[in-house]
Amino acid sequence: MLSFVTASTSAQDLATAPKHHTIKPSSININNEYSAKAKITLQDVFSADTTNGVSSPTQNTINKFAVVVGAGLTADIPEDELKDVKFLGKIQAVSDVTSSSVTVMVGYHLV
Amino acid sequence: MIYEISPLLAKTAISVKPEDILLQKGAWVKFSSAWPGTHKWASGKLFVVSAEPILVPYAISRIIPEDDYCDIDLSNSDSGEKLYPENEGVLYQIAVGMKPGDYLVHFYLPSPRYIYHLGEASMFPDVASSTLRYLGAKRPEDSPADAPLWFLFAIKDMPPITLRPYVETGGDDATQAFEKCTFMLKINKCLLDEVKNPSKEQIERAFLIRWRDELLGY
């Protein structure tokens, strides 16, 4: 599966893991045609369950991956470099710029 | 009450029939005489699976922080997953498969009564101990989700089976402080007919389901 967003300083939803699955990204492509460098961070957003140690769990937002892409450049992260990355809940992309000239494309599969 | 096929068997050349994995119509099942009076319809009796069983899939997931755990009650109690039969004469064989992850699972019947211990008095499972949390613990590779090797049995009003997933500290992903523990279950629903006067062959060859206390103390 593929999901695509443009860069924004507010979090953009890329994909959501179904209840009994996790998401394994297989590729990440960031294309920066903006006039300045852009930092893209992928976050895993989920709520944990009640456990022995946490009786009232809250939503967690965990930064899982970050890359800075220079102006006019493209970052391609292949599956081999993503093999240890997985998402338990929702994948969100957040950037330090808001521009439709910066695109974030994530390929993934459910495990 | 429990049986498990060792993953070691996956490395050997063996021929496995369907009835070796899941109970089928015509299979003989015997409950030991140690089953208490609360289960007198089953205690000490031999049954035949009277109809083709129905296989019902189910899944349970919990997201747990590292170095923490939760309890999952499979019984029909208010807080349970309600995976037990509601009638006498019914046996549920529950195949428990686990998706990969950095967690291990303890088994209680009911909590905190463990089954997987050793003879020495201090050798019982304990997730609070850095060593004993590995005693008797099942890992996802012991019973993979797509080929489960761990089987539990449940009858009406049996004490609650409790699964306790514990998430290891420092998994394979340095930024991952949580793990999703997913159990893929297949519940083989078996209708039982009592064999009033079982033959010697039936008694010898029936699948014996022992009571909890028979699995302890040695």
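Two strands pair if DSSP finds at least two bridges between them. Strands (E, at least two residues) and helices (H or I, at least four) are DSSP runs, numbered from the N terminus. The model described here is predicted: local features need pLDDT of at least 70, side-chain atom pairs count only at pLDDT 80 or more, and totals for chains, interfaces and linings use all residues. Residues are numbered from 1 along each chain as its sequence is written, and chains are lettered from A, with ligands numbered from 1, in the order in which they are written.

**Sheet in chain B**

In chain B, E7(B) and strand E9 (residues 162–167) pair in the antiparallel sense over six bridges. One facing pair is B:Phe107 opposite B:Leu163 in E9(B). These strands belong to an open sheet of three strands, ordered E5-E9-E7 (chain B), with antiparallel pairing. Its edge strands, each pairing on one side only, are E5 (72–73) and E7 (103–108) of chain B. Strands of a sheet pair through backbone hydrogen bonds, either parallel or antiparallel.

**Nonpolar core**

A nonpolar core is a set of buried Ala, Val, Leu, Ile, Met, Phe, Trp, Tyr and Cys residues joined through C-beta atoms within 7 Å. Buried means that 20 or more other C-beta atoms lie within 10 Å of a residue's own, with C-beta atoms placed from the backbone. The largest such core has 73 residues, and B:Val29, B:Ile64, B:Ile94 and B:Ala154 have the most contacts inside it. E10(B) gives the largest share of this core, seven residues.

**Chain A**

Chain A has zero helices and eight strands. Its radius of gyration (over C-alpha atoms) is 15 Å, close to the 13 Å of the globule rule for 111 residues, so chain A is as compact as a globular protein of that length. That rule is 2.2 Å times the number of residues to the power 0.38.

| Property of chain A | Value |
|---|---|
| Span of the C-alpha trace along its principal axes | about 50 × 25 × 20 Å |
| Buried share of the 111 residues | 31% |
| Share of contacts between residues at least 6 apart in sequence that join residues at least 24 apart | 80% |

**Interface**

Residues are in contact if their C-beta atoms, placed from the backbone, lie within 7 Å. By this criterion, 16 residues of chain B are in contact with 19 residues of chain A. On the chain B side, strands E4 (54–65) and E10 (178–194) each supply at least two residues. E4(B) contributes the largest share, six residues.

Terms used. Contact = placed C-beta atoms within 7 Å. Buried ≥ 20, exposed ≤ 12 C-beta atoms within 10 Å, placed from the backbone.
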